[in-house]
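Please read them with the structure open.

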Amino acid sequence: MTSSDRSHDVPSTKTYLIRTYGCQMNVHDSERLSGLLEDAGYVRAPENTTEGDADVVVFNTCAVRENADNKLYGNLGRLAPMKTRRPGMQIAVGGCLAQKDRDTIVKKAPWVDVVFGTHNIGKLPVLLERARIQEEAQVEIAESLEAFPSTLPTRRESAYAAWVSISVGCNNTCTFCIVPALRGKEKDRRPGDILAEVEALVAEGVSEITLLGQNVNAYGSDIGDREAFSKLLRACGKIEGLERVRFTSPHPRDFTDDVIAAMAETPNVMPQLHMPLQSGSDTVLKAMRRSYRQERFLGIIDKVRAAMPDAAISTDIIVGFPGETEEDFEQTMHVVREARFAQAFTFQYSKRPGTPAATMDGQIPKEVVQARYERLVELQERISWEENKKQVGRTLEILVAEGEGRKDDATQRLSGRAPDNRLVHFTKPDEPVRPGDVVTVEITYAAPHHLLAEGPAKGVRRTRAGDAWEKRNAAAAAKPKGVLLGIPTIGAPAPSPAPAAAGCGCD
């Protein structure tokens, strides 16, 4: 091993800060980047540290979000004078945009020290050390996965809930999506490795896991077992201490009856499904290269509701795809009325360089897209509110969350997730309650995006997950607190307040 490979020689006083953009894949990758840096001797920067005050700043980028490149170069531009004032400071850029732009990043921002891609995140500490010793930028982009990311050290953001990757990459060819080109073909983990990770997490106190894949229910295609995903769900049901299992994001093409049966028959698999629609028009779906049609999609919804009447179903929808007519858009509105989604993440189509859709004829004028988008949002808001009102009077077990209720301190409430992943704000019980504990409440009020339980709690169950949270916080109190990555908590993210492009989870 050369001196440039000895990343563990980094002085313990060096601090790092990670900025994360994009989908759940990037969120989980950032947990791994944190684990790698800490394993190499870096220390997470104290809370409220500005980017200019950290020794290493890592941007984990997204190539799908609107204006992703402009946002990155704007952030890099702000850091240039800060780096000049702080000799030894390093800047690294990774993720999907780095995989796509490669040498362009260093040309536009020559003060960047390291550029790495989606397939070689494990090399970050080595590349930082090489850049420091050689005093020149290190650009290393692997064309294929070097090692499954879950073999890397991970600094998880939650003590009670965790992401678990079951596959990486995607075999679909959706015309609006660049992810397969950046994440590669689908590669599945061995079921035994997945279950071993889940069991280890549960042993540490985790009570909720979310199985993660670019096309999560296609799991098994790489290992030759078309029922592998349903078998995996059932196997998770046998893990003692694992209270909640979720998964994201599935593709309607691969959503088979055995998966629905496994969800309905496995008690710890939650009655929640995120099923991306993208469009309700068969014509648009064909142009998108989506391998299902409206009838197939609604048929899946009907089967899920028959097996799990209380299931909350959410979706992704793109408005204004090239060639979309008013009649096509009305077909999307029809599906929304029929499916009655609990929540929909709605996006205005915008061109993504490198995708077939970017050069298609029939690009829709911005004002038309905006008007359709507003009509869709108005319809879905009404449906979400109506569906949430059906929860009033129900008694639910809420897994207490950390950081989900921004007004909790002012309202003297706590927040958490119901089994179907609805956000619930509830009156703080008299006895101490920790994130990871479970509180039983009665729902008294519904808003479009949350529920309220204003009466006293019907019960509080202290859990091993709450113990794990308490233990982690006690340990953190003995040293400077870390900088949050600004990432979503487990479960569906909050609805986007402004138009955006479809995220990496565009299945």
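1. **Terms and basis.** Contact means heavy atoms within 4.5 Å. Helices (H or I, at least four residues) and strands (E, at least two) are DSSP runs, numbered from the N terminus. This is a predicted model, in which local features need pLDDT of at least 70, side-chain atom pairs count only at pLDDT 80 or more, and totals for chains, interfaces and linings use all residues. Residues are numbered from 1 along each chain as its sequence is written, and side-chain values use heavy atoms, with hydrogens and water left out.

2. **Helix α5.** Eight of the 11 residues of α5 (residues 124-134) are buried, so the helix is mostly covered (buried means under 20% relative accessible area, exposed over 50%, partly exposed in between; 1.4 Å probe, protein chains only). The buried set is L124, P125, V126, L127, L128, E129, R130 and A131. E135 follows α5 and has a positive phi, near 55°.

3. **Helix α8.** In α8 (residues 228-236), the buried residues are A228, F229, S230, L232, L233 and C236. Their cover includes α7 (191-203), β10 (208-212), β11 (244-248) and α9 (257-265).

4. **The chain as a whole.** The chain has 15 helices and 21 strands. It runs to 507 residues, and 57% of them count as buried. Take the contacts between residues at least 6 apart in sequence: 76% of these join residues at least 24 apart.

5. Which residues does the UniProt annotation "binding site" cover? The unreviewed entry lists C170, C174 and C177. UniProt positions are given in the numbering used here, feature names are shortened, and annotations may be inferred rather than shown by experiment. C174 is in the loop between β8 (167-168) and α6 (179-183). C177 is also found in the loop between β8 and α6. C174 counts as buried because its relative accessibility is 7%. C177 is buried because its relative accessible area is 12%. Leaving aside neighbours within four places in sequence, C174 is in contact with M288, R289 and R290.

6. Most residues other than glycine have a negative phi, and most peptide bonds are trans. R289, a contact of C174, has a positive phi of about 60°. R289 sits in the loop between α10 (282-288) and α11 (294-307). Its relative accessible area is 46%, so R289 is partly exposed. R340 has a positive phi too, near 50°. R340 lies in the loop between α12 (326-339) and β14 (343-348). At 24% relative accessible area, R340 is partly exposed. A cis peptide bond joins T248 and S249, with omega about -10°. S249 is in the loop between β11 and α9.

7. **Second largest pocket.** A pocket here is an open set of points on a 1 Å grid over the protein atoms alone, where a 1.4 Å probe fits, with protein on both sides within 12 Å along at least five of seven lines; lining residues have an atom within 4 Å of a point. The second largest pocket holds about 310 Å³ of space. That volume is the space filled by probe spheres set on the points, with grid points joined across faces, edges and corners. The lining has 16 residues, and A401, G403, D408, D409 and L414 lie nearest the centre. It divides into six nonpolar, three polar and seven charged (Ala, Val, Leu, Ile, Met, Phe, Trp, Tyr, Cys and Pro count as nonpolar, Asp, Glu, Lys and Arg as charged, and the others, Gly among them, as polar). α14 (408-411) and β16 (413-417) each supply at least two lining residues. β16 gives the most, with three.

8. **Q412.** Where is Q412 placed? Q412 is in the loop between α14 and β16. Q412 is partly exposed, with a relative accessible area of 48%. Not counting residues up to four places away in sequence, Q412 touches T427 and K428. The C-alpha atoms of Q412 and P429 are separated by 9.7 Å, and the two residues are 17 apart along the chain.
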